[in-house]
Amino acid sequence: MKKKSIRINWLVLATLFLCSTNIGWANNFTGAVFTGKVKSSKSGKSWTANLKIVSYNQSSGRVEGEIEWPSLNSVHKITGKLTDSHFTFKEVEYIRKGSANLNCQYTTTISGNKISGTWSDPGSDNGTIELYKK
């Protein structure tokens, strides 16, 4: 009898730990600011980007935010989805129109304080993204 109780308790503790770790991280997603580099596979150029998470709905995974391109004098609204550690988003609207392209799509993974993955501009380019939480 005691062995079953101990096994169940370890399972419950492990489950609670995993859930609380994920929930704790997700609760801190709204308001998070990430900064880093976005690089073109075609030209080899790279640009600094600042990503701010404005809202995150845990039940639906919906994310809204802003991505700023300082060297391109642009700020765009982003919408996306966070599922576990997979974060996909798209630039959907101008906040400040500069020379950065709209409609770029990003497929990333979040690990610790880092967002990394790939991006594509439907009309012309693609590459990598690597951002770190400030």
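Start at the lining of the largest pocket: eight of its residues are nonpolar, three are polar and three are charged. The model on screen is a predicted one.

**Stop 1: the pocket**

Select Trp47, Leu72, Asn101, Trp119 and Asp121. Of the 14 residues that line the largest pocket, these lie nearest its centre. The space inside the largest pocket comes to about 210 Å³.

**Stop 2: the barrel**

Now switch to a cartoon view. Eight strands close into a barrel. Follow them in the order β1-β2-β3-β4-β5-β6-β7-β8; the pairing is antiparallel. From one strand to the next, the twist averages 30°.

**Stop 3: β2 to β3**

Colour residues 46–56 for strand β2 and residues 62–69 for strand β3. The two run antiparallel and are joined by six bridges. Pick out tyrosine 56, then look across to β3: the bridge partner there is valine 63. Next, go to the hairpin of β2 and β3, where five residues lie between the strands. Select glycine 61 in this hairpin; its phi is positive, near 85°.

**Stop 4**

Show side chains along β3. Which residues make up the covered face, and which the uncovered one? Val63, Gly65, Ile67 and Trp69 form the covered face. Arg62, Glu64, Glu66 and Glu68 form the uncovered face.

**Stop 5: β3 to β4**

Tryptophan 69, already seen on the covered face of β3, has serine 74 as its bridge partner in β4. Four residues lie between β3 and β4 in their hairpin. Select asparagine 73 in the turn: it has a positive phi of about 55°.

**Stop 6: valine 75**

Stay in strand β4 and centre on valine 75. Is valine 75 buried or exposed? Its relative accessible area is 9%, so valine 75 counts as buried, the cut-off being under 20%.

What does valine 75 touch, not counting residues up to four places away in sequence? Glu66, Ile67 and Glu68 are among its contacts. Of these, Ile67 belongs to the covered face of β3, while Glu66 and Glu68 belong to the uncovered one. The contacts of valine 75 also include Glu93, Tyr94, Ile95 and Arg96.

End with a distance check. Draw a line from the C-alpha of valine 75 to the C-alpha of isoleucine 95: the two are 5.3 Å apart in space. In sequence, valine 75 and isoleucine 95 are 20 residues apart.

Conventions: Residues are numbered from 1 along each chain as its sequence is written. This is a predicted model: local features need pLDDT of at least 70, side-chain atom pairs count only at pLDDT 80 or more; totals for chains, interfaces and linings use all residues. Side-chain values use heavy atoms; hydrogens and water are left out. On a 1 Å grid over the protein atoms alone, a cavity is a set of points where a 1.4 Å probe fits but cannot get out, and a pocket is an open set with protein on both sides within 12 Å along at least five of seven lines; lining residues have an atom within 4 Å of a point. Grid points are joined across faces, edges and corners, and a volume is the space filled by probe spheres set on the points. Ala, Val, Leu, Ile, Met, Phe, Trp, Tyr, Cys and Pro count as nonpolar, Asp, Glu, Lys and Arg as charged, and the others, Gly among them, as polar. Two strands pair if DSSP finds at least two bridges between them. Axes are lines fitted to C-alpha atoms, for helices over the stretch in contact, and angles run from 0 to 180 degrees between N-to-C directions. Buried means under 20% relative accessible area, exposed over 50%, partly exposed in between (1.4 Å probe, protein chains only). Contact means heavy atoms within 4.5 Å.
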